[in-house]
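I open this notebook to record what I looked up in one structure. The entries follow in the order in which I made them.

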Amino acid sequence: MKRKVIAGLLLSSCVLGVAMPVFAQDGTEADLQEDYSGQNSVEIEVNGTLGADNTNPGATITEGDDNWINVTVPTKTIFYNTAKDPVIKSPDYKITNNSGRPVSVSLERFENDDTNTSLTLPSSYSLNLQVEGKQPISNIATSNTSTDFTTSTPLIDLANKDGRMALADEVDASSNVATFKYTGTANATTQVQPKYTMTLKFDAVAW
């Protein structure tokens, strides 16, 4: 009996020209479409969300939208060495994804400050960016120059705040956090203090 009812419903939808609705994964119902034939008006349901919470994986925000971006990053960082030790060191810094979606992190720019032009940096100076667990980005800065990135350089993909890279994934604790630092060398006999501006780019990952 149940099979007959279901079959009848499917047949009715075909006869009336109404397609079965399909829901979008992101909850926005952007893919929910129905065909109407022989009607001169259609009612469309409108559901708004004001103040959508981008930390909630179920938020009705379009997949890939920048409004999914919610990260915590350091606003100032340092690196250093000494006249006796050419190895460049720095503290460990963290990037944390607080979003309901994963994010891809890229290095977009590493720019010289204007004050660097008046400095005499050691010819041996070489600065690298090291993201834990990844290959270092070498020579982001050298003697009086910094790397001009014509395209963003991928650094790491971070899971969402719950530790998931995809909706069906198991939770991987702390996979929403990346650790980075600066490495390199410079044979400095006197103190100089170069300055740079590093720009990171974040892209929301759809699931």
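How many salt bridges does the structure hold? I found six salt bridges, a salt bridge being a side-chain nitrogen of Lys or Arg within 4 Å of a carboxyl oxygen of Asp or Glu.

I note that this is a predicted model, in which local features need pLDDT of at least 70 and side-chain atom pairs count only at pLDDT 80 or more, while totals for chains, interfaces and linings use all residues. Residues are numbered from 1 along each chain as its sequence is written, and side-chain values use heavy atoms, with hydrogens and water left out.

Entry on Arg 109. I looked up its partners: Arg 109 forms a salt bridge with Glu 108 at 3.6 Å, N to O, and another with Glu 111 at 3.7 Å. Shared partners join Glu 108, Arg 109 and Glu 111 into one network. Arg 109 is partly exposed at 36% relative accessibility (buried means under 20% relative accessible area, exposed over 50%, partly exposed in between, with a 1.4 Å probe and protein chains only).

Entry on Asp 85. I found Asp 85 in a salt bridge with Lys 89, with the closest N and O atoms 3.5 Å apart. Asp 85 is partly exposed at 26%, and Lys 89 is partly exposed at 39%.

Entry on Trp 68. Is Trp 68 buried or exposed? I recorded Trp 68 as buried, with a relative accessible area of 0%. The contacts of Trp 68 beyond four places in sequence include Asn 54, Pro 57, Arg 101 and Ala 204, contact meaning heavy atoms within 4.5 Å. The C-alpha atoms of Trp 68 and Asp 203 are 8.7 Å apart, although 135 residues separate them along the chain.
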